[in-house]
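Colleague: Hey, could you walk me through this structure?
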Amino acid sequence: MALKAAGRVSLVDSVVEQLRTQLTEGEWAVGDRIPTEHELAELLGVGRNTVREAVRVLVHAGLLESRQGNGTFVRSTADPAAVLRGVRHAGALDVLELRVALEAEAARLAAVRRDTHDLLRLRAALTTLREQGDRDADADVAFHLAVVEATHNAAFREVYRFFSAQVHESLVEALGDRAMPPVDIDAHEALVAAIEAADPEAAEAQARELLRVPMETVAALTEGSR
């Protein structure tokens, strides 16, 4: 039973990858209707159920769109999975540089768009960060997510939710037992103050300053390990 199940999953994965390749290489353009399940099954030499499951995977990934009664259409030819794999394989310093860019823009937008609820959430996250200790990773992530939430940009929020986990994984893999510097609570306080003051330039500057020491530390540690 186990071997049969594993084989079926592998077959679906194989079809997913073949269809993904067709999409990213431009075999079908955005808006095109792809061949029917029956046609794809014949072309790939697999059953229709296998094709159906593979298409569902690509619909969930945002590459395809199923329209009831009309067929399945190309929604995007840009593969998000490839982007995520690239982030996973990037070095710790590369990931931190991207984090600086994301958080600086998030801080700028938050200063412009924040409302009373956002400010209360930021203050609560800052209080938790102080109470939990300056090395509590979860409290720090929650604080930065509160800043991103204040942008009121759903795309920004979803990207950052994924990215914050990748930052942690990259740092753990790259640095091992070597410690990062403690979280600078005062720098976090200054960022909140700039957002409260509705000063986008100051908020962006504070976000960059907040990450300056971690950047310098990672640069020194990774350079020393080469």
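This is a predicted model: local features need pLDDT of at least 70, side-chain atom pairs count only at pLDDT 80 or more; totals for chains, interfaces and linings use all residues.

Colleague: What does the chain average for pLDDT?
Modeller: The mean is 83, and 80% of the residues score at least 70.

Colleague: And where is confidence lowest and highest?
Modeller: Helix H4 (residues 80-89) is lowest with a mean of 65, while helix H9 (residues 185-196) is highest at 96. Residues 1-8 have pLDDT below 50.

Colleague: OK, new topic. How many helices and strands are there?
Modeller: The chain has ten helices and two strands. Those are DSSP runs numbered from the N terminus: H or I of at least four residues for helices, E of at least two for strands.

Colleague: How do H2 and H3 pack?
Modeller: H2 (residues 37-44) and H3 (residues 48-60) pack at about 110 degrees, axes 9 Å apart. Axes are lines fitted to C-alpha atoms, for helices over the stretch in contact, and angles run from 0 to 180 degrees between N-to-C directions. So H2 is roughly perpendicular to H3, a label for 65 to 115 degrees.

Colleague: Which residues meet there?
Modeller: Glu37, His38, Leu40 and Ala41 from H2 meet Arg48, Val51 and Arg52 from H3, with contact meaning heavy atoms within 4.5 Å.

Definitions and conventions
Residues are numbered from 1 along each chain as its sequence is written. Side-chain values use heavy atoms; hydrogens and water are left out. Angles under 35 degrees count as roughly parallel, over 145 as roughly antiparallel, 65 to 115 as roughly perpendicular and the rest as oblique. pLDDT is the predictor's confidence in each residue, from 0 to 100.
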